[in-house]
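Here is a briefing on one protein model. Please look over the sequence and the structure before reading on.

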Amino acid sequence: MTTSTPDNLRFLNDPISLRITWDRLVSISEEAAATLVNMAFSSIIREVGDYSCLLMDAKGNSLAQPKTSVPVFIGTLPATVRHLLAKYPAETLKPGDSLITNDPWLGTGHLNDVTIVTPVFRDGKLVAFTGSAAHMSDIGGSLNMGSSRDMFEEGFLIPPSKLMLEGEVNQQLLDLLLANVRSPDQVEGDLHAMLAANQIGANGLLGLMDDLKLDSVEPLAEKIHSLTENAMRKAIEAVPDGRYEAAVDIGDYEGDIHLNVAVIVDGSNITIDYAGSSAESLFGSNCPMSFTYAYSVYPLKCLLEPHLPNNEGCFKSITVTAPVGSIANARPPCAVEMRNRVGHMAHAAIFTALSEIMPERVMGHSGSAPVTCDVFAGQFDDGRRFVESLCVNGGTGARPSADGIVTGFPGNMSSTPVELIESATPLLFTEKSIVPDSGGAGRYRGGVAQRMVIRNTSKFPLSHSMFYSRQKHPAQGVLGGEAGAPNFIAINGKQLEKPVGRHDVFPGDEVTIQMPGGGGKSPVAERSKAAILFDLQEGYITEEGALRDYDVTIEELARG
């Protein structure tokens, strides 16, 4: 006996109608993201883009996210919803409620990232969730980047709580948080922007349900997840079964971290295993499993099905494991502020492991990873205090069939605009330039580095918190490509032997920040003379670099 499809669900069987509905879901999430960006107080959300918005079904499974937000948060937000529901079961939630946490093990891996989740009700029934995760400009703590010995030194922990109760702000919780941060106006403004973004997402989703006459999003969610999972499984089945291993080393606050990865392909399933990696660090580079998972499935999706819509179905065929107590599966209350030291380097190990069987798809290692977000804190001459984040990108690795560029990867955050920092702080940028000969040589060149020189124009000393880890471990090339240039960090021209933690910058002092170049791809001998000449003309390499890296002179290039 067959059952007929209800009239209001027939669009699920029509590819064109389903695609239009999917595009509308993404559009709703992008409207939510635009709301967050336009209302945010802090530059790290408004300009850098360290946030994400997500539409989810009533179980917390991801449906859609905007193209502009941090892609990996789709790997953490659904898990956060499930943790929140464990404390606040669905039947206890009411219209007007919003839940909040920044617990690193329940969210994105460190305290600065706050997640707010809003239940969506239709005719009194819980039908979906909207969520946003965003980096707060300050969360308290020591600002001594990476040096903390446990999470308690790193800032204010918000356990799973209700920020909104039936439409009213939980003022006691908000007051407690704002009393523990250096920039309460920015933090409060950003939290309200997140709440507004969630509400815009909820309004859009309810409007879609009205138009389609849906009492529940479950049939739509199941269809989207099923189609996406099937597409991902087909992509995995095209990869030869086997175990593929690689490792990368990363600079820690003291010593090095070893990150070992095995990519195990078995039919339509993939397991990424971090056995053999370093044990937990004494310092803040520890990575909770939530962040390890997110930054493992994302680069794998980039390799397998980069154009597949981001939703829960993408990841049902992927399992990520790491030994409990390892650097990739750290336990509370380990310090985790700089967990991106590990998470952002997962792509490098995964790409190298799969480079021989997927040579046309992998990239060189990214000089923008681990991403850096320096924090400057101090005061103006009139005594006004400031805390401002400076995010800077290096060069990406050489792309699958093109040179690298200066941008973020595997994160997609922008560099903080110079003009914004100069208007919000007493800092003056005396230089911002690309660095010739910094991209790893190869058939495809790694992205070049950028350099900035920043002067403290205040009459007061300021605090500069930083964590750079590519002095000894530059971004490596793949398939015969060369490594990019390492970091160079200096104060008043003197290179810092240990550019981590917190440093005083006195009036008139200048900080030099030179980011790493990206790794190249394929042997140097395969690069065309035309490409080398183009690099020379554009200032990406010098004549000395052309001779050193490609064994060719300017005269030979001119002759073609």
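This is a predicted model: local features need pLDDT of at least 70, side-chain atom pairs count only at pLDDT 80 or more; totals for chains, interfaces and linings use all residues.

Residues are numbered from 1 along each chain as its sequence is written, and side-chain values use heavy atoms, without hydrogens and water. Helices (H or I, at least four residues) and strands (E, at least two) are DSSP runs, numbered from the N terminus.

**Helix pairs**

- Helix 1 (residues 15-39) and helix 5 (residues 184-212) have axes that come within 8 Å and cross at roughly 160°. Axes are lines fitted to C-alpha atoms, for helices over the stretch in contact, and angles run from 0 to 180 degrees between N-to-C directions.
- Helix 1 and helix 5 are therefore roughly antiparallel. Angles under 35 degrees count as roughly parallel, over 145 as roughly antiparallel, 65 to 115 as roughly perpendicular and the rest as oblique.
- Between helix 7 (residues 289-304) and helix 9 (residues 346-354), the axes come within 9 Å and cross at roughly 40°. This pair is therefore oblique.
- Contact (heavy atoms within 4.5 Å) involves Tyr295, Ser296, Pro299, Leu300 and Leu303 of helix 7. From helix 9 come Ala346, His347, Ile350, Phe351 and Leu354.

**Helix 12**

- Gly545, Ala546 and Tyr550 are the buried residues of helix 12 (residues 543-550). Buried means under 20% relative accessible area, exposed over 50%, partly exposed in between (1.4 Å probe, protein chains only).
- Glu544 and Arg548 are exposed, on the face turned away from the buried side.
- The buried residues of helix 12 pack against helix 11 (529-538).

**Backbone exceptions**

- Most residues other than glycine have a negative phi, and most peptide bonds are trans.
- Lysine 213 has a positive phi near 60°. It lies in the loop between helix 5 and helix 6 (218-237) and counts as exposed, at 61% relative accessibility.
- Serine 522 also has a positive phi, near 70°. Its relative accessible area is 10%, so serine 522 is buried.
- Proline 332 and proline 333 are joined by a cis peptide bond, with omega about 5°.
- Another cis peptide bond joins alanine 369 and proline 370, with omega about -5°.
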